[in-house]
Amino acid sequence: MIKNGHHHNHHQVNTAAGKDAGTTPGATACSPEKRRRRIRVWCDGCYDMVHYGHSNQLRQAKAMGDYLIVGVHTDSEISKHKGPPVFTQEERYKMVRAIKWVDEVVQGAPYVTTLETLDKYNCDFCVHGDDITLTVDGKDTYEEVKKSGRYRECKRTQGVSTTDLVGRMLLMTKAHHSNIVSITRFSLYELRSEYKAKLLLSAVLGHFRLSGVDLVCHGKTEIYPDKDGSDPYAEPRRKGILRTVDSGNSLTTDAIVQRIIKNRLLFEARNQKKEAKEIAVIQAMKRQEEEKTKERAQAVL
Ligand code: CTP
């Protein structure tokens, strides 16, 4: 079993929590017949620029069962069906693995969700937000699992999407990044505890009274003075509780914006394509609804 590993083969399963996938905790004393079978839930997606919409989807999915497996698509699959992702597959695997409701990550899961995949990972059903995901040819990627009754829907979180974040970043100048940072940042609650320990406490803490706080940590990046020139970490520094920690990662919001700007045209095309596809689906659904209403009205007559 690979514990929160960093092996990157296609279709490889990483047991993020290092838990036993097949048994209920504490059930070893029961006979196998008495042991309640755990419900294994499957989710898949791009999980690009992971945001609270993604973690909320995974939270809802986990609540529908006991064990959550998340399939994350490769860069080439995403490029083929919807345009290039901002984050590489390795980064996206790591980000999904950091979400506390995720028990396993399947790297390089196929874009179209089939019964074969659900069976391969012994999953009872899959869960997706209440929006439609289409292949490059405009086919519903969940068609097969929907038909077989192994599809469940959860509520899509309104007001946040990768497309929207990329759009905002394309419009932004360097001076206005803070809105994006706050939206993409996870809440501490959503992260696994081992990641929480590594998380850097925000400079904001410096402005509160530090009662009950034993340690204030900042990464290796430079500490910029506040607008009035003061040190945002003055208080923890005075108290001798400021520490520097190494996140082991040099990624910054600026670097992400630079990636988007570098591939500006590709991302613009991707956003436009996605919007056009969504509008087409909404219109088709509306037409279907109107036809049904007409049929019902005629049946009454
Ligand atoms: N999702 C959600 N709420 C959002 C965004 C995504 O519930 N605001 C869900 C999707 O419905 C899907 C999962 O998160 O079940 C993974 O979505 P993903 O494949 O990453 O892409 P999109 O649905 O296109 O989301 P986004 O536009 O944010 O990339």
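What follows is a walk through the surroundings of the ligand, and then through the contacts of one arginine. The model is predicted, so local features need pLDDT of at least 70, side-chain atom pairs count only at pLDDT 80 or more, and totals for chains, interfaces and linings use all residues. Residues are numbered from 1 along each chain as its sequence is written, and side-chain values use heavy atoms, with hydrogens and water left out.

Around the ligand there are 19 residues, and the closest are D131, T157, V160, T162 and K274; a residue belongs here if one of its heavy atoms lies within 4 Å of the molecule. By class, this shell has 3 nonpolar, 11 polar and 5 charged residues, where Ala, Val, Leu, Ile, Met, Phe, Trp, Tyr, Cys and Pro count as nonpolar, Asp, Glu, Lys and Arg as charged, and the others, Gly among them, as polar. The largest share of the shell, 3 residues, comes from the helix α1, helices being DSSP runs of H or I with at least four residues and strands runs of E with at least two, numbered from the N terminus.

Some polar contacts, meaning pairs of N or O atoms within 3.5 Å, can be followed to oxygen atoms of the ligand: a polar side-chain atom of Q57 lies 3.3 Å from one, and a backbone N or O atom of G129 lies 3.0 Å from one.

Elsewhere, R150 lies in the loop between α5 (143-147) and β6 (151-154), and a polar atom of the R150 side chain lies 2.8 Å from the backbone oxygen of C123.

Definitions and conventions:
Polar contact = N/O pair within 3.5 Å; in protein donor to acceptor, adjacent residues only side chain to side chain.
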